[in-house]
Every structure is written in C-alpha cells, then in structure tokens.
Amino acid sequence: MAKVALITGGASGIGLATAQLFASKGWTVAIADLNESAGNKYAAELKGSFHKTNVTDYDNLAQTFVQVWKKYGRLDMVYANAGIVEKVNFYEEYKSDDDGLPPRLDDVVLDINLRSVVWTAHLALHFFRKNQDKPGGSLVITASTGGLYATPLLPMYAAAKFGCVGLVRSLAVYLEGTGIRVNCVCPGAVATGLLKKEEWAKFPQDTMTPVENVAKAVAKLVEDESLTGKSLMVVQDRLTIIDNPEPSDPALHGMMSRDNKFKDGM
Ligand SMILES: NC(=O)c1ccc[n+]([C@@H]2O[C@H](COP(=O)([O-])OP(=O)(O)OC[C@H]3O[C@@H](n4cnc5c(N)ncnc54)[C@H](O)[C@@H]3O)[C@@H](O)[C@H]2O)c1
C-alpha cells in the first residue's frame, strides 16, 4: 500500500511542490489548507485528497487527522508547513492613547507558525503510534533561515521559526529509537505566495532558492532514516545540516545533553 503524507499549507508554494514531489514518488498525499479551490484542484491532479483546514483551530486540525486516518488507515509522513509572514511593523512608534498604551499587537503569526506547528506535532505523534505494520513516522516542519539567524525585519516570524527549531531538537532526542523522526527544513528566500510578486522582486534575484529544491530537501529528511533532530538549511542548491549545539557550559551537560532523555524521571 502507498505511503501516506499529510501536508499542511499544501495548496501553494513549498507545500505544493512537496506534495507534487511525493506524489511523483508514489505516495498518497493529503493536502490540508485554508485555500479550498487550490487545494481541491491540486489534490485531484495528484490523485490525493483535500481537507479544508484552518491550522489555528485545534479541533479542525484534529478532525483533518481523523479524516486522513479513516480514509487511508496509515500515516507515514506529516509536514507541518502552513505559514505566513507578519504583516505589522513591530517597531512602529505610536502616540500614546488615553491609557498610554500602543494598540494590542497583532501576533497571529505566532499562532500559525508556532502554536499550530506544536499542535500538528502533537497529533502526528498520536497517529504515527497507531500505524499497524510499523509504528512510527517522519515529521518535518518548515522552519526558515529566519529560525537560525537574526531576522530584524520580521522579529515575531523569527521567534516562531526559532521555536520550531527548538521543538524539533527537543522532540527528536526524546523520541530517538521509537521509529518517530523529527526534522525541520530551513529554506532561504523562495518566491511563493508568502509575499506579493512586487515584494519578491525587491529581493536580490541571484540569491533565491527554487521551490523544487526545498521539496527535495524535505524528501531527503524523510528518506534518510539516519536523520532526526536536524535543521536542514536549503539555500539555492546548497544543503547544510545545522545540528543541535553541545551546551557551552559543562554544568549543563548532564541536564541537557542528548544522553539524558529524562525518560524515567518524567
Ligand atoms: N517562501 C519563503 O521564502 C520561505 C522561506 C522560509 C520558510 N518559509 C515557510 O514555508 C512555509 C510555506 O510557505 P510558502 O512560502 O510556501 O508560502 P505560500 O503562501 O505559497 O503557502 C502557504 C500555504 O499555507 C496556507 N495557510 C496559511 N495560513 C493557514 C492556516 N491558518 N491554515 C491552513 N493553511 C494555511 C496558505 O493557504 C498557503 O496555501 C511557511 O511556513 C513559511 O514560513 C517560506
């Protein structure tokens, strides 16, 4: 039976390119996205399924997992990829209103790019463990180079993506040996629906990363069973693994090293 992938944000850009690549490799692909028309169109093209999903709604996201499980009876790969960039200027200076406060911050980028990723990971673990022939599976998260390096213009986006890298590193240690692997892909700039065409046009064009290369990086993370806890940076055609750094203070080794999984203590 074909392996099954569930891809959030699979109706556009990086998620769609990954859905297309996995379908071409014989996988069954379930696309979970807000965009119903594109999702239905591409799911039909790829002979997969579309599940209208708002990843910021836990029940809705959970029901998508249930639908996919009921339809296929297995789940081999989950790609937590849906995301946006923040639309507000964090640094904007406001004249104080009567309370002396700026308006409430629009931080929806944290909901989509981090909280829903944590939820997707939580649900993925549950369904991976239910796989009957071989419990386990591969979880991939789309972080970003903005999850590895300072991104001054998008500080909340960076905070969310650094969070994704931390989630991957932490889950992978605990889950080592269980058959569940967790990795993230960290793309450089990729011209997708994330920004408008005119915004992408302002980027230095010779530094852009083709969307197909990100999809290939995701496939590498899924296919190479030695990889877990890694951040795979993909910039243009270059792939670089960024590993979990060793703690810089000796006092932290016992507490935070990969050898100490706290398994018995938790
Ligand atoms: N494009 C880049 O330069 C770049 C670089 C690094 C990381 N990323 C990350 O890649 C991921 C995919 O983005 P993309 O560049 O392909 O952009 P995209 O806009 O082309 O695709 C994002 C998809 O996510 C869906 N989506 C957004 N909010 C959703 C929600 N609440 N529920 C369900 N689906 C939702 C959109 O409908 C869309 O189909 C994002 O996490 C983004 O942060 C992008």
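Helix H1 (13-24) gives the largest share of the lining of the largest pocket, 3 residues. Before I go on, a word on the source: this is a predicted model, where local features need pLDDT of at least 70, side-chain atom pairs count only at pLDDT 80 or more, and totals for chains, interfaces and linings use all residues. Residues are numbered from 1 along each chain as its sequence is written, and side-chain values use heavy atoms, with hydrogens and water left out.

Back to the pocket, then. A pocket here is an open set of points on a 1 Å grid over the protein atoms alone, where a 1.4 Å probe fits and protein lies on both sides within 12 Å along at least five of seven lines; lining residues have an atom within 4 Å of a point. The largest pocket holds about 1,300 Å³ of space, the volume being the space filled by probe spheres set on the points, which are joined across faces, edges and corners. Its lining counts 48 residues, and nearest the centre you will find Gly83, Ile84, Val85, Tyr157 and Leu194. Along with H1, the elements that give two or more residues to this lining are S2, H4, H5 and helix H6 (197-200). When I say helix or strand, I mean DSSP runs numbered from the N terminus: helices are H or I with at least four residues, strands are E with at least two. What classes of residue make up the lining? There are 23 nonpolar, 19 polar and 6 charged residues. In this count Ala, Val, Leu, Ile, Met, Phe, Trp, Tyr, Cys and Pro are nonpolar, Asp, Glu, Lys and Arg are charged, and the others, Gly among them, are polar.

Now for the inside. In soluble globular proteins, nonpolar side chains tend to be buried together. A nonpolar core is a set of buried Ala, Val, Leu, Ile, Met, Phe, Trp, Tyr and Cys residues joined through side-chain atoms within 4.5 Å. Buried means under 20% relative accessible area, exposed over 50%, and partly exposed in between, with a 1.4 Å probe and protein chains only. The largest core has 39 residues, and those touching the most other members are Leu6, Phe65, Leu75, Val78, Leu139, Ile141 and Val182. Among the elements giving it two or more residues are strand S1 (4-8), helix H3 (58-72), strand S5 (137-142) and strand S6 (180-187). Which element gives the largest share of this core? That would be H4, with 8 residues.

Let's visit one core member. With contact meaning heavy atoms within 4.5 Å, and leaving aside neighbours within four places in sequence, Ile141 meets Tyr79, Ala80, Val117, Cys164, Leu167, Val168, Asn183, Cys184 and Val185. There is also a second, separate core of 33 residues, including Ile7, Val218, Leu221 and Val222.

Two cysteines have just come up, which brings me to disulfides, meaning pairs of cysteine sulfur atoms within 2.5 Å. How many does a search of the whole structure find? The count is 0. Cys164 is buried, at 0% relative accessibility. Cys186 is in no disulfide either, with the sulfur of Cys184 nearest at 4.1 Å, and Cys186 is likewise buried at 0%.

Next, some backbone angles. Most residues other than glycine have a negative phi. Lys47, though not a glycine, has a positive phi of about 55°. Lys47 sits in the loop between helix H2 (36-45) and strand S3 (49-52) and is exposed, at 74% relative accessible area. Gln236 also has a positive phi, near 55°, and lies in the loop between strand S7 (231-235) and strand S8 (238-242). At 21% relative accessibility, Gln236 is partly exposed.

His51 belongs to strand S3 and is buried, at 4%. Beyond four places in sequence, His51 touches Ala30, Ile31, Ala32, Asp33, Thr64, Gln67 and Val68. Thr142, in strand S5, is buried at 6%. Thr142 touches Tyr79, Ala80, Asn81, Lys161, Val185 and Pro187, again not counting residues up to four places away in sequence. From Thr142 to Gln236 it is 94 residues in sequence and 16 Å in space, C-alpha to C-alpha.
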